[in-house]
Amino acid sequence: MATDSPAGEPPPGGQRVDARRNRQAVLDAAAEVFVTSGVDAPIRRIAARAGVGMATIYRHFPTRADLVTAVYRHQIEACAEAGPRLLAEADSPFDALRRWIDLFVDFLVTKHGLADALRSEDDRFAALHSYFLDRLLPVCGQLLDAAVEAGDIEAGTRPYELMRGIGNLCIGHENDPRYDPRRLIALLLQGLRQPPAP
């Protein structure tokens, strides 16, 4: 039976509870394995980590690209959903922004192989990059607006500029143990702070 769902995405309401649970376990396990072993890690290692058979993985994700895409989307969603939650929980909007950027950096630095794995499939990568921007730019914008409204930061920082700048600071960290992008990102965030009133 054909569906309109993208590869690796279940049709809404179209899976049993145990199938959805297995799919979630596979995504979580694959994300962990990709971080430690890269996106070319053996599928059997992901299956073992998820506690499912390899057939279960292939049933949900027929190709490695399907699995990589689904993991990437899953991580984007987690980052997007964290923004409003942090804004509600944090002591200040700036603290929410700082904590969200920590999550965004985790996403960038630990998922470095995911984008590379999809570059050979230009259409899929372009769609995923658009999804990344569509989901995360509004969240970043909401956090920036809240921090401006609270007087925590000065107005004028655009979400795309901030995310692009942070992304650029994360480039190359995996090849140089002396380089920690988080230190420079902390300085960048400190530079956004509104100077205290005299």
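E161 and R158 join their side chains in a salt bridge, 2.6 Å from N to O; the term requires a Lys or Arg side-chain nitrogen within 4 Å of an Asp or Glu carboxyl oxygen. E161 is partly exposed at 40% relative accessibility, and R158 is exposed at 52%. Buried means under 20% relative accessible area, exposed over 50%, partly exposed in between (1.4 Å probe, protein chains only).

The model is predicted: local features need pLDDT of at least 70, side-chain atom pairs count only at pLDDT 80 or more, and totals for chains, interfaces and linings use all residues. Residues are numbered from 1 along each chain as its sequence is written, and side-chain values use heavy atoms, without hydrogens or water.

Helix 8 spans residues 159-170; helices are DSSP runs of H or I, at least four residues, numbered from the N terminus. Its buried residues include L162, M163, I166 and C170. They sit on the same side of helix 8, because their arc around the axis is only 95 degrees, taken from the directions from the axis to the C-beta atoms. G172 follows the helix, with a positive phi near 90 degrees.

I166 also belongs to the largest nonpolar core, which has 33 residues. Such a core is a set of buried Ala, Val, Leu, Ile, Met, Phe, Trp, Tyr and Cys residues joined through side-chain atoms within 4.5 Å. Helices 4, 5, 7, 8 and 9 each give two or more residues to this core.

D106 and R182 form another salt bridge, at 2.3 Å from N to O. This pair links helix 5 to helix 9, 76 residues apart.

How values were computed. Expected span 1.5 Å × (residues − 1).
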